[in-house]
Amino acid sequence: MEPAPRPTPGPADRPTADVWAALGGPAELLDRVGFHGPPDGLPSGLPVRQLARATVAACSLAAAELAAHRSGGPVPAVRVDEGAVATSFVSERHLEVDGRKPVSFAPLSGFWRTADGWVRTHANYPHHRARLLAVLDLAPDAGPEQLAGALGKLPAEQVQERAYAAGALAVAVAPVSGDVHPLMECREVGAAPVRPLPAAPVDRPATGIRVLDLSRVISGPVATRTLALLGADVLRIDSPRLPEADDAHTDTGFGKRSTRLDLADPADRAAFEGLLDTADVVVSAYRPGALDAHGLAPDALFARRPDLILAQLCAWGWTGPRAGRRGFDSLVQAGVGIAAHEASPDGRPGALPAQALDHGTGYLLAAAVLRALTEQRTRRPGGRHLRFSLAGTASWLLHGIRPEPADASGPDSRPYDASHWLTETDSAYGRLRYALPPIGYDGAPADWARPPGRWGTDAPVWL
């Protein structure tokens with residue numbers, strides 16, 4: 001990898017300033033942020049580049065701020081490489097396992113014509129595929145042609161609602177929505193004392209922080225992958241009844257450990273309770289209310305642990321008719337109007353050049369956790385309840401970021417070449433090619449401390 005030129009930190013761009021303000025960050029730190037690298041890695045009709053670099057810049061600045069607190073030194077200058085950002089935002093596409101490239105979307109996932117428009121389906125997981133076929137009265141082995149034939153006879157909204165009722169995933173492609181969701185929400189909880197932390201090196205400012213990771217797919221795991229990069233002990237917990245795809249775990253499992261616990265099993269529940277008792281952070285990316293039956297509703301958690309940082313993530317926002325529905329980045333793009341905005345001249349819906357809602361929200365969530373850790377120990381102790389949604393990030397992309405002029409060349413005119421930000425390592429899954437982390441500040445870690453281990457095979461204990 002070529003060494004990046006040292007940027008001169010200067011005034012941050014407007015989107016970065018907006019994110020930093022939403023995080024409650026000190027405005028005077030923004031002049032420490034600088035950008036460099038090729039600006040053409042995420043071409044789009046929407047300001048995806050600005051979203052991507054702003055979320056990474058804010059996360060880098062939050063890490064630098066915590067590093068200064070724990071090392072006793074000044075806040076390091078933030079150095080955001082736009083090539084690294086663009087590469088990391090499509091990390092799942094760059095992943096190779098022993099030379100094999102994973103398939104991002106299954107054959108039944110995608111855009112399909114309906115009787116009056118289009119729908120977007122998501123059938124990557126076997127249970128979602130089975131439900132989609134069942135709701136359309138198709139055979140379990142039906143393929144794309146049979147699916148296209150069934151969907152072409154039905155109105156898009158009817159497909160959407162029938163799929164939702166059956167636990168399948170299909171969303172009608174809609175025009176750009178005027179609905180605006182907040183980029184993030186933060187609520188301080190009480191004034192409970194927090195666990196003191198010893199000094200930590202600048203490259204691992206989250207050392208000693210215990211993160212309970214209750215998330216799947218991309219956005220939550222990107223956040224916890226980033227916290228692991230910065231030194232946190234991240235333990236992902238999944239149900240043994242809900243398997244994860246190896247490739248998805250491989251992409252986002254760097255630096256973390258992974259275990260499986262059945263919360264309905266007394267022994268597994270006891271292990272989970274022990275982990276929760278000494279966790280500093282809980283990251284949850286399940287639908288609103290999905291974990292409440294297990295005693296994990298926010299109020300229950302804070303009654304038990306008033307010093308906890310709870311970061312929750314959902315697809316469709318925390319209020320409104322879709323709040324409790326399942327969703328993925330591609331489905332939210334369809335439902336809020338991004339797919340329509342990016343449509344081709346022949347009217348076929350389009351997509352962003354990356355699953356930018358997932359990745360951007362992941363870096364935003366990690367930034368908020370880092371800022372909460374700093375705030376707890378420098379200004380106001382007590383718990384923090386942080387909430388994010390893919391719909392909130394989509395609202396910001398559609399309505400909150402001013403697009404740059406089409407001829408904006410950025411700080412570096414070199415053509416974008418992702419190979420500069422890829423590397424290789426051996427792992428339990430084989431030889432991996434993967435994207436390097438984009439977090440950039442003076443002294444930041446260049447890579448994760450360890451590759452991903454096998455999904456669900458670690459002991460349910462803190463290190």
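**Close-up 1. Where α14 meets α15.** L357, D358 and T361 of α14 touch L390, T393, A394 and L397 of α15, contact here being heavy atoms within 4.5 Å. Helices (H or I, at least four residues) are DSSP runs, numbered from the N terminus. The two axes come within 9 Å and cross at roughly 105°, which makes α14 roughly perpendicular to α15 (65 to 115 degrees; under 35 is roughly parallel, over 145 roughly antiparallel and the rest oblique). Axes are lines fitted to C-alpha atoms, for helices over the stretch in contact, with angles from 0 to 180 degrees between N-to-C directions. This is a predicted model, so to speak of a local feature takes pLDDT of at least 70 and side-chain atom pairs count only at pLDDT 80 or more, while totals for chains, interfaces and linings use all residues. Residues are numbered from 1 along each chain as its sequence is written, and side-chain values use heavy atoms, with hydrogens and water left out.

**Close-up 2. α15 again, now with α2.** Helix α2 (residues 48-71) and helix α15 (residues 390-400) have axes that come within 9 Å and cross at roughly 125°. That angle therefore makes the pair oblique. On the α2 side, V48, L51, A54 and T55 make the contact; on the α15 side, T393, W396 and L397 do. As for burial, α15 is mostly covered, with nine of its 11 residues buried (under 20% relative accessible area, with exposed over 50% and partly exposed in between; 1.4 Å probe, protein chains only). Among the buried ones are T393, W396 and L397.

**Close-up 3. A stacked pair, F89 with Y363.** Searching the whole structure turns up five aromatic pairs, meaning rings of Phe, Tyr and Trp (its six-membered ring) with centres within 6.5 Å; planes under 30 degrees apart are stacked, over 60 edge-to-face and the rest tilted. F89 and Y363 are stacked, at 5.8 Å centre to centre and 20° between the planes. They tie together distant parts of the chain, 274 residues apart: F89 sits in the loop between α3 (82-88) and α4 (91-94), Y363 in helix α14 (residues 356-378). Both F89 and Y363 are buried.

**Close-up 4. An aromatic cluster.** Here F254, Y434 and W448 come together as one cluster.

**Close-up 5. Two arginines over rings.** R120 lies over the face of F105, 5.1 Å from the ring centre. R322 does likewise over W316, at 4.5 Å from the ring centre. To count, CZ of Arg (or NZ of Lys) has to be within 6 Å of the ring centre and within 35 degrees of the ring normal.

Methods:
Helices (H or I, at least four residues) and strands (E, at least two) are DSSP runs, numbered from the N terminus.
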